[in-house]
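Student: Could we take a close look at one part of this model together? I would like to understand how two of its chains meet.

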Amino acid sequence: MTADAVAFWCLAVVLVGSALAVVLTKNLFHAVLWLALALTGTAGVFLLLDAEFIAAVQLLLYAGGIVTIVVFAIVVTERLVGERISQTSRRIAGGAVVAGGVLALILNAVRGQVFPAARPEMVGDLTRTVGETVMTRFVLAFELLAVLMLAALMGAIYFARPDD
Amino acid sequence: MGLQAYLTLAAIVFCIGLFGVMTRRNTIGILLGIELMLNSVNINLVAFGRYSGDVTGMVFTVFTICITVAEAAVGLAIVILLFRVRRTVTADHLDLLRG
Amino acid sequence: MMEWLTPLIVPFIVLNAILGIVTYVTLLERKFAARMQSRVGPYRVGPHGLLQPIADAIKLMMKEDVVPTAADRPVYNLAPIVFLIPCMLIFATIPFAPGLGVADLNIGILFFLAVSAMEIVGLFMAGWGSNNKYALLSAMRAVNQVISYDLPFIFAALVPVLLAGSLRLSEIAVAQAGLWFVFYPVIGQLAFVAFIVSTVAAENRAPFDILEAESELVAGFRVEYSGMKFAIIQLGEYAHVVGASFLGALLFLGAWAGPGPEWLGPVWFLVKAMFVFLLVTWVRWSFVRIRVDQILALSWKALLPATLVLLIATAVVVVWRGTPGV
Amino acid sequence: MAGDGTLALAALLLHAVAFLVLAVAAPLRRLGRPAGYVSILCAAGSLAAAVLSWRAHAGEAISRLVWTWLPTEGQTLATVGVLADADSTLMLTLVALVALLVQVYSLGYLSDESAPALGRYYAYQSLFAFSMMGLVLAPNFVQLFICWELVGLCSYLLIGFWYQRPAAARAALKAFWITKAGDVGFLIGIVLLWRHTGTFDLAEMRVLAGNGAIPLAGLAVITFCIYLGAVGKSAQFPLHIWLPDAMEGPTPVSALIHAATMVTAGVYLLHRTDWLFALTPDVLAIVVWIGAFTALLSAVLACVQTDIKRVLAYSTVSQLSYMMAAIGAGFSAAGFFHLLTHGIFKALLFLGAGAVIHAAHSNDLTDMGRLARRMPQTAIVFTVGALSLAGLPLFAGFLSKEEILGAVRAGGFTAPFAMLILVAFLTAFYMFRVVFLAFFAEPVALHAGAPVAAGVGAHASHVADAGHHASHAAAGVAAHEPHEPPASMLLPLWVLALLSVAIGVYFTFVHPEPEFTSPAWLMPVAVGSAVAGILLAWATYQRRAIDAASLAAAFGPIYRSALARFWIDDVFERAYLLAILGFSRVIGWIDRYLVDGVLNMLSAWTVTAADDLRTMQSGRAQDYVYGIAVGLLVLLLWVQFG
């Protein structure tokens, strides 16, 4: 087993374990912390795929940003300190069957295909290439994204404004 | 590790997220499931990009992450607003659209 | 043998050096604050109080470790560690001299920012896990403040990145061989000021220390911690400040550049970092605490637009000059 | 250094900087006057840069400074940048000059505004100046169109500056939509032209036109479409109706946007692309006829207005049509020349009118009279402007107006030429009607025996700027005394007046080389008709030797139709109502009896079916996710095993 494979298996265990914990724990706050771990694990997977830039963005925005706002939402929607927040699940059996079925069929589809086993050599600085591609080939998508972000920002402000 | 391993991992995480979205009672819990699903899609994008030697996958991962952040911000704003109006974040109670 | 040992030895040395520096930085701050208030500061333990930090550490280790009954135990216990790890990881990409660093990533500064953003998770875990109103309020305030000041901090830090044309910290340092970015006309000074202000805020230090405002919140999110866990949180906080000081020295003050032989580089770097640290400390001991809304208004209404405009102006300057670099 | 267009770019960007600073730094903007100082400072710098740039490009020198924009795979779709040559830098200087003067003037004129409103005003002003300069310097049609729309937006914002007033809000909307109607044509024209020639770039296109490489088939449609844009912006018949209503904006805005710069954009566009229009003489003939007709129509309308700003607005329409006529006749330089001189003296007239409104707290001529005693300086500069507009020798409008008349005649358009001569007479008449009524004659209201205060009160409620100053009037109507405006308003007035005279004197002695020959009788006829107009106005309104009412009666039908604005606005309204309502009726019938009939039947079935199915719709988002997941499962099964 190479170092890569070891790292992959460790990350896979962490990722799947924490993902399961996210959907199964009763304590909502703990679920969010597990999500943070899952997101950090994903950043590790990105590192394995030589995408350092994506990994950093993942940490910065997802793990730093989303986790914080989720926590915020929990605190705002529950009483500040009081009883433990617990959340229950329903239709667990049905959900498990459907999700498991989808998983099995996807895996079946993945197994049937022939994929390249080796990674092609990436030339040059990947971060720089990503940046240049964003600014040239996908500049339109990039600008649309900026508009979307603006709209989301204004929408969030609109929702969160105090009642008049 | 081949591409297959990454795809399998992403599929597992995706289905776990799907399970969470279907079963959680708390709206915030549903959002957590959605985050997991989106995250697994990102793994797919980056893995495909890396194994085909094309940066498009990574570029779109950056885009997805940004969109997800926007989605989370708006989604949580809605949750907070819902809580303010209805005093609950249990998804079952939010059924104004019932036919 | 050496091939696989080297990647372990360097981090080991760096880690211990950082721990030493962080420990003694507390003494430096106390002495500095004492001078500002016409006191002497720690003087008893060792000559001129030089052994004081060690005495403090021993004292904290000996203390009883109290866990509140109502605490969320796993979260409460994990919080100091989760808090400390990012604070130590930020040193990973800082090159202390040409070639001397743990990992000189090509996205070095982004890594720094991303990892320091993770610190908030540990902080919130501490506030939540304590199951104490003061701690939770303090953690909420901290989240508010860190979210608000992350953006100006990033924008200010991106100005040197634009000027140097690289995200790699060593290249940013090298790019200042001709002119330290703090001396870059207009842009450099403004960015440095914005950097210092947002550093002070992001470190939750006075005048932005509402999260531990002792008159309202006792001691903030660490109110329930004692003994070794308290020591770890304290260590993490100071490590973060020192890390930010190193980053400031690297981004604006030319890193290891200085007169004398090459091996003096790390020393110069340390001196500059301590200069930045003292600057932050000076602010801390000079101003009164301001209100939450003032803090937020300062960030969103003044600092954020200003740094954004500064960033755009820098981009224009760089494009105008044709090539990045001084 | 100046030869490479950098200075022109600097002139452009200074305004952009001012706008960005004011837009981003909200605290500064809310301070009001300091925001104005920032804007004025940038405008002054811009003027200096523009003048230097003009000096550098006075000859044949042309400089292009472009950056690629919208790079698509393989090629560049468009560029942004500046194209500086003699014409564009001259226009740039005019824009910079008037913008600066208007901004200085506004400090005094809008001194009653609240500080945030004033800051907003200056932000708009800077944005406008930036967009206008971008339009003037545009090297291609894309940038030109974008700036074209931007100035339209600024016009909308500034007309609606007092947006609390319904009339202003309506006028802003009207201006926006009517110019948009022309802009649609313009946009279609640009795109068609791109398909026709394969480029947006003006310089490249000009080379193509010079080589005869532009196919003529279908070109007339394209140039007509482009002309439609100019019709909207430069207020040509039948889209001229927005300009008089635009007077709801503050007077300095009218001076800058609706007299000197934005409305001339259409003329400038045609001048800029005259080599293109030269290929389609039919369209040019349309331009002349519409120009002459609009000139006459609006001159008649100007004669019956009692609102001082509306007189000037119709006069602007009339003068713009003059320029259009010259361009249509094939001598666009004459039209451009008149554009420049008109820009100076019309700005002067508007600012002068603003000073009068500022003093009299009313827009209405009947509320004024003998103001020359109270405000002699304003009277002098306003008269200078009126003389320039009438086109008397030694004043700015003289040579340019004569050039236009000569151009139209040289182009072989006899009937339009005669109409324009008549317009020259009418122009002098209505301008001096204003001069006499406002500054020299006894107040009309006193004549009629009505108290002045009642007149002020009655008009203040519905007249644009008067409302703005109504607070003054309400404070003490009876004790109110008209007075000279403050220095910040007088200074621009004097600068413009001196410039008008200087230009007039210079061109009376230094005749530029004309592109055509005019007969010797042309100048006496032109000057003579102007003088006749002035004399008629003097006799009617100063001496009252001719009774104004009987004069009106003599032209009975025309007078009455002019009072009703020739029913053009009504026609628009009716046509709009008729078309929309008629169409709606037809659609309504179809909808009610055909579509609904079928639907009612279907819906009756649907309702019963839905009642049974509605239990499926739980309203809980998760149930739907569950459904989607099951659907996905089925789909996967079908794909893999089906």
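Student: How many residue pairs are in polar contact between chain D and chain A, counting pairs with both at pLDDT 80 or more?

Tutor: Good place to begin! Please keep in mind that this is a predicted model, where local features need pLDDT of at least 70 and side-chain atom pairs count only at pLDDT 80 or more, while totals for chains, interfaces and linings use all residues. Residues are numbered from 1 along each chain as its sequence is written, chains are lettered from A and ligands numbered from 1 in the order in which they are written, and side-chain values use heavy atoms, with hydrogens and water left out.

Now to your number: between chain D and chain A there are 2 residue pairs in polar contact, both residues of each pair being at pLDDT 80 or more. The term stands for a pair of N or O atoms within 3.5 Å; within protein, one must be able to donate a hydrogen and the other to accept it, and neighbours in sequence count only if both atoms are side-chain atoms. On the side of chain D that touches chain A, 8 residues are nonpolar, 2 are polar and 2 are charged. Ala, Val, Leu, Ile, Met, Phe, Trp, Tyr, Cys and Pro count as nonpolar, Asp, Glu, Lys and Arg as charged, and the others, Gly among them, as polar.

What about the extent of this interface? Chain D gives 12 residues to the contact and chain A also gives 12, contact meaning heavy atoms within 4.5 Å. Together the two chains bury about 1100 Å², with 63% of that on carbon and sulfur atoms. Tyr626(D), Leu633(D) and Gln640(D) are the residues of chain D that lose the most area to chain A, and together they make up 45% of what their side buries. Buried area here is the accessible area (1.4 Å probe) that two parts lose on being put together, summed over both.

Chain A also meets chain B. That contact takes 66 residues from chain B and 82 from chain A, and the area buried is about 6700 Å², of which carbon and sulfur atoms give 78%. In chain B, Arg24(B), Leu32(B) and Arg50(B) lose the most area to chain A, together 11% of what that side buries. Between chain B and chain A, 7 residue pairs are in polar contact (both at pLDDT 80 or more). Helix H1 (3-23), H2 and helix H3 (56-86) of chain B each supply at least two residues of the side that touches chain A, helices being DSSP runs (H or I, at least four residues) numbered from the N terminus. H3(B) gives the largest share of that side, 24 residues. By class, the side divides into 45 nonpolar, 14 polar and 7 charged residues.

The interface of chain B and chain A also has 1 salt bridge. Arg50(B) and Asp50(A) have side chains that meet in a salt bridge, with 2.7 Å from N to O. Arg50(B) lies in helix H2 (residues 27-52) of chain B and Asp50(A) in the loop between helix H2 (28-48) and helix H3 (52-77) of chain A, so the pair joins two chains. Arg50(B) is buried at 5% relative accessible area, whereas Asp50(A) is partly exposed at 29%. Buried means under 20%, exposed over 50%, and partly exposed in between (1.4 Å probe, protein chains only).

Back in chain D, the side chains of Asp245(D) and Lys174(D) form a salt bridge too (2.7 Å, N to O). Asp245(D) belongs to helix H10 (residues 242-245) and Lys174(D) to helix H7 (residues 166-197), so the pair ties together parts that are 71 residues apart in sequence. Asp245(D) counts as buried, at 13% relative accessibility, and Lys174(D) as partly exposed, at 22%. Also in chain D, Glu149(D), Lys180(D) and Asp183(D) are joined into one network by salt bridges that share partners. Over all chains, the structure holds 11 salt bridges.

Key:
A salt bridge is a side-chain nitrogen of Lys or Arg within 4 Å of a carboxyl oxygen of Asp or Glu.
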